[in-house]
Amino acid sequence: QVQLVESGGGLVQAGGSLRLSCAASGIMFRIYRMGWYRQAPGKQRELVARITSGGSTNYVDSVKGRFTISRDNAKNTVYLLMDSLKPEDTAVYYCYAENLVMSVGGGPYWGQGTQVTVSS
């Protein structure tokens, strides 16, 4: 059974920082592309950042230079360090895992989400 468990969300003032964590189980973590989506009230879910099995990263333009995604394959965990937070970063953040090469079991798999609220 695949599980992705997020933690680290909360309430922070604008300009502050948070680090989200996502612990994965039930998958061969090191071969999966991992990432974070977010969904704000009344908006569509958007990709925030992702990291490939090889460590390459991509970010949505609005978070470039402020957010950093990383992974620890030994701990089966992906992180999202969020600095210089803005009120518009307020959303539920979801961790996901996928492997596009696998014909079976490649996901995508989703976590339950963690709320991030940035006050002005």
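**Basis.** I am working with a predicted model, in which local features need pLDDT of at least 70 and side-chain atom pairs count only at pLDDT 80 or more, while totals for chains, interfaces and linings use all residues. Residues are numbered from 1 along each chain as its sequence is written, and side-chain values use heavy atoms, with hydrogens and water left out.

I looked up the strand order and found an open sheet of 4 strands, arranged 1-3-8-7 with antiparallel pairing. Strands here are DSSP runs of E with at least two residues, numbered from the N terminus, and two of them pair if DSSP finds at least two bridges between them. I noted strand 1 (3-7) and strand 7 (67-72) as the edge strands, each of which pairs on one side only. For the pair formed by strand 3 (residues 18-25) and strand 8 (residues 77-82), I recorded 6 bridges and an antiparallel run. Within that pair, Leu20 of strand 3 has Leu80 as its bridge partner in strand 8.

I then turned to Ser21, which has its place in strand 3. Its relative accessibility is 16%, so Ser21 counts as buried, given that buried means under 20% relative accessible area, exposed over 50% and partly exposed in between (1.4 Å probe, protein chains only). Neighbours within four places in sequence left aside, I listed Val5, Glu6, Ser7, Trp36, Thr77, Val78 and Tyr79 as the residues in contact with Ser21, where contact means heavy atoms within 4.5 Å.

Apart from neighbours within four places in sequence, Gln13 is in contact with Val118 and Ser119. I noted that Gln13 and Val118, although 105 residues apart in sequence, lie 5.4 Å apart in space, C-alpha to C-alpha.

Which residues are linked in a network of salt bridges? They are Arg38, Glu46, Arg66 and Asp89.

I went through the network pair by pair. Glu46 and Arg38 have their closest N and O atoms 2.7 Å apart; Glu46 is partly exposed at 29% relative accessibility, whereas Arg38 is buried at 5%. Asp89 also forms a salt bridge with Arg38, with 3.0 Å between the closest N and O atoms. Because Asp89 lies in the loop between strand 8 and strand 9 (91-98) and Arg38 in strand 4 (residues 33-39), this pair ties together parts that are 51 residues apart in sequence.

For Asp89 and Arg66, the closest N and O atoms of the salt bridge are 2.8 Å apart. This pair links distant parts of the chain, 23 residues apart, with Arg66 placed in the loop between strand 6 (57-59) and strand 7. I recorded Asp89 as buried at 1% relative accessibility and Arg66 as buried at 10%.

How values were computed: Salt bridge = Lys/Arg side-chain N within 4 Å of Asp/Glu carboxyl O.
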